[in-house]
Amino acid sequence: MPNAQHADDSPLTSPAHQSDGFVRVRGARENNLRNVNVDVPRDAIVAFTGVSGSGKSSLAFGTIYAEAQRRYFESVAPYARRLIQQGHNPKVELISGLPPAVALQQRRGAATSRSSVGTVTTLSNSVRMLFSRAGTYPQGSSQLDSDSFSPNTAAGACRECHGLGVAHTVSEQSLVPNPSLTIRDGAIAAWPGAWQGKNLRDILTHLGYDVDIPWRKLPKKHRDWILFTEEQPVVEVTPQRDRVAKPYKGRFWSARSYVLHTLADSQSASMRDRVLAFMESGPCRSCSGTGLIAEALAVTFAGRTIAEFNALPLADLADIVRPTSQLARAGTASRTQRSGESNEVAVTITRDLLQRINVLLDLGLGYLALGRGTPTLSPGEMQRLRIATQLRSGLFGVIYVLDEPSAGLHPADAEPLLEVLEQLKSSGNSVFVVEHNMDVVRRADWLVDVGPRAGEGGGEVLYSGPVAGLAEVEASVTRPFLFDAPRPSGPSSPSGNGEPRQPAGWVELADVRQHNLQGLDASFPLGVLTAVTGVSGSGKSTLVGRVLGDVVAASLSTERTAEEEDGPAEPLHVGTVKGSNTIDRLVTVDQKPIGRTPRSNLATYTGLFDAVRKVFAGTDAAKAKGFGAGRFSFNVAGGRCETCQGEGFVAVELLFLPGSYGPCPDCEGSRYNPATLEVEYLGRTVADVLGMTVDLAAEFLSGVPAAARSLKCLQDVGLGYLRLGQPATELSGGEAQRIKLATELQRAQRGHTLYLLDEPTTGLHPADVQLLMAQLHALVDAGNTVVVVEHEMSVVAAADWVIDLGPSGGDQGGRIMATGSPEAVAQAAESRTAPYLAAALGR
């Protein structure tokens, strides 16, 4: 093994080994690791490389970090351990020279509407404490607790909008769209039809209201009562126009009460959808969209309310708190003071706040505001926020284990990140990074390459040593991308003659106004592959995912779901749109999870498990037992294990040891009951199939066309290492996006489809990027249009057309800096992408 010189077999417990500057791992068998022995230096930046699924994360996180975490928890009092969520015990014989470790892993799942820059970084906690303990209060008011300044607590949330800042309500305009109509003729459109509507009209008549004059002529007092009253009078009504006028007791509902009651209690989806059309969403009138109670908004610091603090860019916020942090003489804090802006508490809090903000400024995030919702952030912005939160601690002598820290970052944004990693090392720490970005790997002091392939074909350490030494390891898939720097394969024409593709038309958008895009004109070519580039936060995802996606969806009369929009969205303004009528279908492939529970997995999402269940149901054993396809589903009663409800695991709670999940004692993790597992297909049970990787399943199910087609598409986008039954909650955003793309690739291609992708190469090794690009080019060659938001320069260099946004993020972005072929954009003087694209084209 090439790393043998760094993995001697002398006793690891000797003092020499403990102090020689290496973390020594022996007998690592986590996941697909094959009894790995490796020595990794401390006080250095170490890059772990290899194709996706090779085992590098199992070594860095599943073994080294997990063991450091386990040792730490052993030092915690037994009673306290049960209050802390703890990890698993790694499968490893011994690790020596291991200091404490801190991990920054890729975040799974999607952000909520209550999540913001301030909550992610915990800066909001400091700001709330600043206003609570050092703010200026109105004369005679009492001091508020810090929770009173949070829209996410019962103490601070606005009573009307519950802290969201957005009110969902009805108005006269939404309930009565045509005020020229009479009530009898249906002026109140939100009311039910047929007998119920007639009943409400009869009650109004009995109460003395005129239902036969135009709505607009009714007195405002009457209109407001009919639409908004909370009263529900019960009166005796004699039906009008009925053949038999039999009196009855009728209850009145205002239009608003009827709408809200239907939304809350109706079991009919169609009725809920009908009344939902009468709801309006907008800034809460009670709190002006801040989500806070009036008492909190009355407190100021430096002449600003906490809502104004949250709206300021971080760079401006730093300037505001800096004078207080530099006070040489601070007064003594007292709860009797009306203002504490110059006391010792204010100085302490602002100094800490300024120090933490400076970390974000160093990472180029000074344009963000604390109140900015995380659903509106780009992946690169979210990644840097998480990094800043973890790396601001100022620890010494620890190992920072980072999972693809450059994921979602433009090359220009990665430069400050590399400086932060160097600062961590110079401060006496070790930095272990699992990384696919070759520019980051080249800057490392040491390299551990795992492979050679994914899953069963990986799990070996091919090399451990200085970066330059990998050039001698021919078995490494990483080696050619790190040293030979091959030129990316360029676009090909449908005819295959190698000429660049020519646009078949254009979608032209004028005067786009959304987020930081203000008055933007943009044109997207059809029938080609377009890459949209630019630094993080420059407006790429807004332009492609929000603007272009919504415009095309509108032209196709397709409504985008609330999940796609991440809740209430800012109104979209586009002046004119041309050319969208030539698109027949829209497919948005984003990084949102494919499921929110462990029951959702790759097999169920792609639909291939339907074919698997049918195959098992078609066996002689299943027919003899009377088992249908439903018997082999782990989501319904019948074939599943009822002890674990088909999940395969149960929660294990121990009094003084960490609670954890363990295999179900009855089915031993298989998800199924014994009778179901008696049925086999080619010697394997349905549980065995769920445990297979995509690569293994592709071979095993090669005779099942429906399943084989799905598995081939998953392999084509570089996901051969995933298990069929792997829970959706364990998948990264990049993996979820490629699963969606593979699901789409299964369908017959009919052309004239627009595909929108948001950073599909996230988490991909360069070798897997080539597989993905082959599929995207195949889509274009089939007569479709692909628009991809991307930071990976090899992808941009292989595109037909490039749109570069900038020059910076936030309010300093939102402009198109260059458009054209990759070669043309690479020469644009004002583009921050140009030098990196030129380097990629020159390889």
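Buried means under 20% relative accessible area. That cut-off is needed for the first close-up of this predicted model.

**View 1. Thr542 is a buried residue of helix H19.** Helix H19 covers residues 540–555, and Thr542 lies in it. The relative accessibility of Thr542 is 12%, so Thr542 counts as buried. Look beyond its neighbours within four places in sequence. There, Thr542 is in contact with Gln514, His515, Leu517 and Val547.

**View 2. Ser124 is a buried residue of helix H5.** Ser124 has its place in helix H5. Its relative accessible area is 12%, so Ser124 is buried. Neighbours within four places in sequence are again left aside. Ser124 is then in contact with Gly118 and Thr119.

**View 3. Phe131 and Phe301 form a tilted aromatic pair.** The structure holds 16 aromatic pairs. In one of them, the rings of Phe131 and Phe301 lie 6.4 Å apart, centre to centre. Their planes make an angle of 55°. This pair links distant parts of the chain. Phe131 belongs to helix H5, residues 123–134. Phe301 belongs to strand E10, residues 300–301.

View 4. Trp506 has a relative accessibility of 33%, so Trp506 counts as partly exposed. Trp801 has a relative accessible area of 22%, so Trp801 is partly exposed.

**View 5. Ring pairs link five residues into a cluster: Phe616, Phe627, Phe632, Tyr681 and Phe700.** Phe627 of this cluster also has a charge over its ring. The charged end of Arg631 sits there, 4.1 Å from the centre of the Phe627 ring.

**View 6. The charged end of Arg671 sits over the ring of Phe634.** The distance from this charged end to the ring centre is 4.4 Å.

**View 7. Helices H13 and H14 cross at roughly 150°.** Helix H13 covers residues 314–325, and helix H14 covers residues 344–362. Their axes come within 9 Å. The crossing angle makes H13 roughly antiparallel to H14, because angles over 145 degrees count as roughly antiparallel. H13 passes H14 in a left-handed crossing. On the H13 side, the contact is made by Leu314, Ala315, Leu317, Ala318, Val321, Arg322, Thr324 and Ser325. On the H14 side, the residues making the contact include Ala346, Val347, Thr350, Arg351 and Leu353. Leu354, Ile357, Leu360 and Leu361 of H14 take part as well.

**View 8. Helices H9 and H10 pack at an angle of about 140°.** Helix H9 covers residues 255–265, and helix H10 covers residues 269–276. Their axes are 9 Å apart. The angle makes H9 oblique to H10. H9 passes H10 in a left-handed crossing. H9 makes the contact with Tyr258, Val259, Thr262 and Leu263. H10 makes it with Met271, Arg272, Arg274, Val275 and Leu276.

Terms used
Residues are numbered from 1 along each chain as its sequence is written. This is a predicted model: local features need pLDDT of at least 70, side-chain atom pairs count only at pLDDT 80 or more; totals for chains, interfaces and linings use all residues. Side-chain values use heavy atoms; hydrogens and water are left out. Rings of Phe, Tyr and Trp (its six-membered ring) pair if their centres lie within 6.5 Å; planes under 30 degrees apart count as stacked, over 60 as edge-to-face and the rest as tilted. Helices (H or I, at least four residues) and strands (E, at least two) are DSSP runs, numbered from the N terminus. Buried means under 20% relative accessible area, exposed over 50%, partly exposed in between (1.4 Å probe, protein chains only). A charge sits over a ring if NZ of Lys or CZ of Arg is within 6 Å of the ring centre and within 35 degrees of the ring normal. Axes are lines fitted to C-alpha atoms, for helices over the stretch in contact, and angles run from 0 to 180 degrees between N-to-C directions. Angles under 35 degrees count as roughly parallel, over 145 as roughly antiparallel, 65 to 115 as roughly perpendicular and the rest as oblique. A crossing is left-handed if the near helix is turned anticlockwise from the far one by less than a right angle, and right-handed if clockwise. Contact means heavy atoms within 4.5 Å.
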